[in-house]
Amino acid sequence: MRANFIFSEVWIGLRRNLTMTIAVVVTVAVGMALLGIGLMINSQVSSMTSFWSDKVELSVYLCKENSPFEACTDKKGISEEQKVALEGVIKGLPAVNGVEFEDSAKALENFMNNDSNNVFASFLKVEDMPESFRVKLTDPAQATAVTEELQGQAGVSNIINERQLLDSYFGFMDKLQWMALSVAFAMVFAATLLIGNTVRLSAYNRRRETGIMRLVGASNVYIQLPFVLEGVIAGLIGGVLAAVMLITCKILIFDGIQTFLPEALGWNTVAGIISGTMAIGVIICILASFITLRRYLRV
Amino acid sequence: MIHFDNVTKVYVNQNRPALDHISVDVDKGEFVFLVGPSGSGKSTFLRLVLKEERPNSGAIHVAGKDLAKLSNFKVPHLRRRIGCVFQDFRLLPNKNVYENVAFALEVIGKPRRFIRKVVPEVIELVGLEGKAHRMPDELSGGEQQRVAMARAFVNRPMILLADEPTGNIDPATSIGIMKVLDRINRTGTTVLMATHDAAIVDSMRKRVVELEDGKIVRDQSRGVYGQAY
């Protein structure tokens, strides 16, 4: 095997087909970058899902005096006995992992801490804040069942499943991820066709050489390798560009929104995604080249 | 060296066979002319020897190998033992004489030292000494055909196939080409040459196999082109 011969052939092929090569490089780069972004969103979402799964609780709000909630029929608020009874009921449920009582003062404190909108701060009083049981669940999927169980209990005004609040956010991330992945899929498809076309042009340009190679008994590997390598090199350059795009994306977008998110997207994950997309890009190039060569380069 | 046993070749979408139950034997070191009008099956014969085409029936042995049993993977190795020369030379226009000849060795992975040794030898054998660095378009037709012959012979094939090698060359120059083919033949290489050129066949006095409509109508040792049969 004469490596320098093969590489000079590859170089000639790439140079002669410069515009097609550029087209391949750009499509592979964009396709792989989108695929990578899809995967990055995916890993961000799943790391956040597991983060929130630990934290998510049901808030069981209790009736206060003159509570407007329908459940608080007697307008007198929950009595101490009812509170104790309710806590017993909650603790008795198999899906419940733990329960914590949040009184009005604590609720106000949490509210002030969580919400930067301090317009309320001036007129909110401790008495305005509801008391609640913070219920931790062993399995977040049990939330609905537990809610139904507790809804009818005396002194319960309403129950809020914090997970539902997050679901709309996760839903948005999910859509974003699928959008990126489907565009990536389209780009990969386009890249495959483009590579096929490039290899075909290349094979046509060099039909004299390949004809002679065939005639003097060059092996199939020797004849086909330069064409496949052309695809691989174009794919690799595209992959490197995609890596640059992904790193930029991680720094500008993911690190930018990281302040709002509890779990940051780590560089390890990004490195894994980059090598994954590069491998996919190169494999696609090899496959597309081989399939085209089967059709257009008779050996 | 080349052994055809009852070989028939029918191309797809054609009713008339290109070769019709052909049996012929070519021994090692022989020089054979394959003559006959266009479409008589000469080129098909050569393509079958190279396993570029497969026969519909019959057996072909080349250099001791049964082509039907030869896997596609091994076809390149068969072709390394067969040199080919064509009417249209088929040189690479962007390579000079030396590079054109060396190309045939490079693509079968021969070491550079070997190439540097044998290429000048074979360029001398075909009578192109001193022209190794000319480009093909700086050469006459006869000289280009000599380059093609050098390329076909540089790997010392057992068989040299020539498909109308003098078809694009004037009669005076053709004599030089034939001398080179004869010289190659004298090294022990079997030469099989398809041609229309009556004068050449007549002057060489070698074995002549005549094809017509895919059938062998004449097989003469020391024959001439147009003799009645």
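1. Let me start with the contact between the two chains: 14 residues of chain B meet 14 residues of chain A, where a contact means that two C-beta atoms, placed from the backbone, lie within 7 Å. On the chain B side, helix H2 (75-79) and helix H3 (97-106) are the elements that give two or more residues; helices here are DSSP runs of H or I with at least four residues, strands are runs of E with at least two, and both are numbered from the N terminus. Sorted by class, this side of chain B holds seven nonpolar, three polar and four charged residues. In that count Ala, Val, Leu, Ile, Met, Phe, Trp, Tyr, Cys and Pro are nonpolar, Asp, Glu, Lys and Arg are charged, and the others, Gly among them, are polar.

2. A word on reading the model: it is predicted, with local features needing pLDDT of at least 70 and side-chain atom pairs counted only at pLDDT 80 or more, while totals for chains, interfaces and linings use all residues. Residues are numbered from 1 along each chain as its sequence is written, and chains are lettered from A and ligands numbered from 1 in the order in which they are written.

3. Chain A has nine helices and four strands, arranged along the sequence as α-α-β-α-β-α-β-α-β-α-α-α-α. Its radius of gyration is 31 Å, well over the 19 Å that the globule rule gives for 299 residues, so chain A is more spread out than a compact globule. That radius is taken over C-alpha atoms, and the rule is 2.2 Å times the number of residues to the power 0.38. The C-alpha trace of chain A spans about 100 × 40 × 30 Å along its principal axes.

4. Chain A is assigned domain 1 (3-52 + 167-296) and domain 2 (54-163), with bounds from an automatic or database domain assignment. The C-alpha centres of these two domains of chain A are 52 Å apart. Of the contacts in chain A between residues at least 6 apart in sequence, 84% join residues at least 24 apart. Buried residues account for 36% of the 299 residues in chain A; buried means 20 or more other C-beta atoms within 10 Å of the residue's own, exposed means 12 or fewer, and partly exposed lies in between, with C-beta atoms placed from the backbone.

5. In chain B, the assignment gives domain 1 (1-81 + 157-229) and domain 2 (92-156), and the C-alpha centres of the two lie 24 Å apart. Twelve residues of domain 1 of chain B and 13 residues of domain 2 of chain B make the contact between them. Helix H6 (residues 171-186) of chain B gives the most to the domain 1 side, with six residues. By class, that side has seven nonpolar, three polar and two charged residues.

6. Now the sheet in chain B: six strands form an open sheet with mixed pairing, in the order S6-S7-S8-S3-S9-S10; strands pair if DSSP finds at least two bridges between them. Strand S6 (82-86) and strand S10 (215-220) of chain B each have a single partner strand, so one side of each is left without a neighbour in the sheet. Strand S3 (residues 31-35) and strand S8 (residues 190-195) of chain B run parallel, joined by five bridges, and B:Leu34 stands opposite B:Ala194 in S8(B).

7. S9(B) and S10(B) pair in the antiparallel sense, also with five bridges, and B:Val208 has B:Gln220 in S10(B) as its bridge partner. Their hairpin has two residues between the strands, and B:Asp213 there takes a positive phi near 50°.

8. B:Asn13, not a glycine, has a positive phi of about 65°; B:Asn13 sits in the loop between strand S1 (2-9) and strand S2 (19-26) of chain B and is exposed, with 5 other C-beta atoms within 10 Å. B:His21 has a positive phi near 50°, lies in strand S2 of chain B and counts as partly exposed, with 15 C-beta neighbours inside 10 Å.

9. Leaving aside residues up to four places away in sequence, B:Arg146 touches B:Val126, B:Gly127, B:Leu128 and B:Val180.
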